[in-house]
Amino acid sequence: MNHIVIKKGHNIRIGGVPPKDVVSIAGSESVAISPKTFIGVKPKRMVSEGDSVLIGSPLFFDKTKPEVKWASPANGTIKTIQFGARRVIEKIEIKVEGTEAVSGPSFTSEQLVSADRTTLLTRILEANLFPLIRQRPFNKVANPKDTPRDIFISAVNTAPLSVDLSLLIETEKNAFQAGVIALSKLTNGDVFLTSEKGHQFQNSINQTISGPHPSGNVGIQIHHSKPMKPGELIWTVNAQHVITLGKLFLTGSYIPDVILTVAGPGASKPKTVACKVGASIKSLIVDQNLKDDVRLISGDVLTGKTVDESQFLGFYDSSVTILPDSVNRPFLGMLALGSSDSKYSLTNTFLSFGEKEFKFNTAQNGEERAIVPINAWEKVLPMDIYPNELFRAILAEDIEEMEELGIWECDDEDFALCSFACPSKIDVGSVIRKGLDLMELEG
Amino acid sequence: MRWLRNILDKVEPVFKKGGKLEKLYPIFEATDTILFSTDERTHSGPHIRDSIDVKRVMILVVVALIPCYIFGAMNVGYQMALALGETSTWQQNLIRGGLKILPIIAVTFAAGAFWELLFAVVRKHSVSEGFLVTCALIPLVMPATIPLWQVAVATTFGIVIGKEIFGGVGMNIFNPALVARSFLFFTYPARISGDKVWVAGPDGYSGATALAVPAAELNQDAVTLLESVTQFDFSWINMFNGWIPGSIGETSTLWCGVGALFLVITGLGSWRVIVGAILGLTGMAVLTNFMAEVTGSSNTMLTLPAHYHLVMGGFAFGVAFMATEPVTGAHTDKGRWVYGFFIGALTVIIRSINPAYPEGTMLAILLMNAFAPLIDYFVIQGNVKRRMARYAQ
């Protein structure tokens, strides 16, 4: 079995780590999907306010790819459809009233193994679950008309305060295996399954990886197993969504379950919970004894979005992170010796030692400045890519140089740690995203 | 410190948009954030950030210079006593030397802060902490005898031409402190070119610097020549410790080494540059020694061994604090080796073969500052070629 060793990177020792045991929580009164979550999608609604929907009924489709539709994660009535500028749908909210799901044909394991690509692809599209599959480059919803070179699944989540995927895959072994078999039919290449513990599944190339974050990011895994070339397409599926797809084939219905962590230094009761896709943030933090000045984040602390109580869990997110949002101003802080309680740095510029968990808040710890290249980015980017030069090529909008420097292999989430570590407080990820957008625009 | 915070909070509206002194906001902002760490919170990208910022980076470089300052003051005092033929305690040396260099420091910081603040206000950017480092470096590379107006002119040139016209810290091509020094070097060579010692002492007191000694004689052995000097103790160990005349902060290889170690441990200076430079210096010195042997050249400098090159002139200081400056050096790790190596090698070449200047470190670093982007270009091209080869498969 292929084993990848990642040396560069860092596991942020953030406080508020949740226990691994899953507790179920009271369901959300309403759930929502926000088409804004999906890069490049032009949503067209298929429901109106007041309509009744089942779990799995289509809510909207993408005007650029009409066969790709989004399934309702709940059974109930459409409560609101919120429009933004130029009447682009921002959010579809459903009031949860029951648990009835759209039912379709189910497959046994043997049937799955012998099924052909068209059958399985059609089934995923009909179940309105195709958005679970994303493509690289660009990290956007895949196009069902494409055939990807390979499909990559990361079975290890190294992001701060994330769900233990290993445990989850062990408990949902059958569904996961069914999902892997189905996905293996969608590509002429292979399904690469990368895990920490060495899960063994059929119809996939099982490989292991060790090392700090971002080793769990699928982009890093692609880079180290079979890097992408310009013009190639790779599909990626979250491990949790592989289980969802597996269950779709085994049961015939969409089961919109998601395991997520509610954690972080601002959480009074860090925990791992089972909830529904698109659950309201309020329902997830209801038992947290929160102070007034906290920041709620849908997603992990490196790549998540700021949300408030009235908003909903992001489609691809599997954590809600809570951070204290009040920042104090120590006198002559730049001269402070620092301690493991007051400072957290990847450099040795403070007297903070040990492996102690750190109570992070939302402090930027400095103002934005020009780049001072002390290798802060390079130390946390485990790719054969020069981030500083790529960054500058993107700012210069030099398409050719961006391609030469390897932008096709990049995604903004892989650069989040660079922004974390940057002494100049530069948001590297958003510039990488800008570069990717530019590449897509220029074809 | 509550009272200070209250004062700052009270005057803040005056500098805010619409306030009376809104144009001077960068000055208020700099004062405010230097005294009290910023409370700016993350708004895009990761929600949490490393505790390090550019202020911390810069202030730690200043901290790394403190040993050189203390030793520098003591040495200035010691050399004064030596010139006057007096005996003195280290406390006397420290006070005497300190009084000599304090005006230089004050003038440098005044001139530096003036230009930095002026540019911040006019160009409407925030005050960059980098000027602290530049201003901390400049006095250390000046002789104690320098006229204060020259310090002000040099600092102005270094900050404005060396840095601000490129857009400020992070955008500059040459190390501003070295630009300041080279300005004096070429415009007022009598004061600073490195052939005559600069000792704050009685009028007319003079002597040859360690590097000028072998450069002035033909067909001699450099080490024998140095040891025959009676005016100063030019033995290896004394030059390593730094009790010799020179610029204020550069004489002691020992304390420059301590500063360099601090920069390497904190990760602010690249050890690759330092090791590369020492390798380059050693390699080139071995080569010149060999050339002296084989060609029978009359150039005495060619016979100077590597470990003498290391402790003489400004090499240790330049490599520890100037070459390691991340912005103007090579940005890639491979490039840093090459960049450092050539600084070391060029230093020996300029010292030994160039008849005009006894010292070469400053020019070697400035020259390599200019070549750093080219070095990086070749390193990056290596990466690009590798990737293109993979794409072509």
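What percentage of the 443 residues in chain A is buried? Buried residues make up 53% of chain A, a residue being buried if 20 or more other C-beta atoms, placed from the backbone, lie within 10 Å of its own. The structure is a predicted model, in which local features need pLDDT of at least 70, side-chain atom pairs count only at pLDDT 80 or more, and totals for chains, interfaces and linings use all residues. Residues are numbered from 1 along each chain as its sequence is written, while chains are lettered from A and ligands numbered from 1 in the order in which they are written.

Chain A contains eleven helices and 20 strands, taken as DSSP runs (helices H or I, at least four residues; strands E, at least two) numbered from the N terminus. The C-alpha trace of chain A spans about 65 × 50 × 45 Å along its principal axes. An automatic or database assignment divides the chain into domain 1 (24-98) and domain 2 (364-442), whose C-alpha centres lie 34 Å apart.

In chain B, helix α12 (residues 253-266) and helix α15 (residues 315-323) have axes that come within 9 Å and cross at roughly 10°; the axes are lines fitted to C-alpha atoms over the stretch in contact, with angles running from 0 to 180 degrees between N-to-C directions. The crossing therefore makes α12(B) roughly parallel to α15(B), a description for angles under 35 degrees. Where the two helices meet, α12(B) contributes B:T253, B:C256, B:G257, B:G259 and B:A260, and α15(B) contributes B:A316, B:F317, B:A320 and B:F321, contact requiring C-beta atoms, placed from the backbone, to lie within 7 Å.

Terms used
Parallel < 35°, antiparallel > 145°, perpendicular 65-115°, else oblique. Buried ≥ 20, exposed ≤ 12 C-beta atoms within 10 Å, placed from the backbone.
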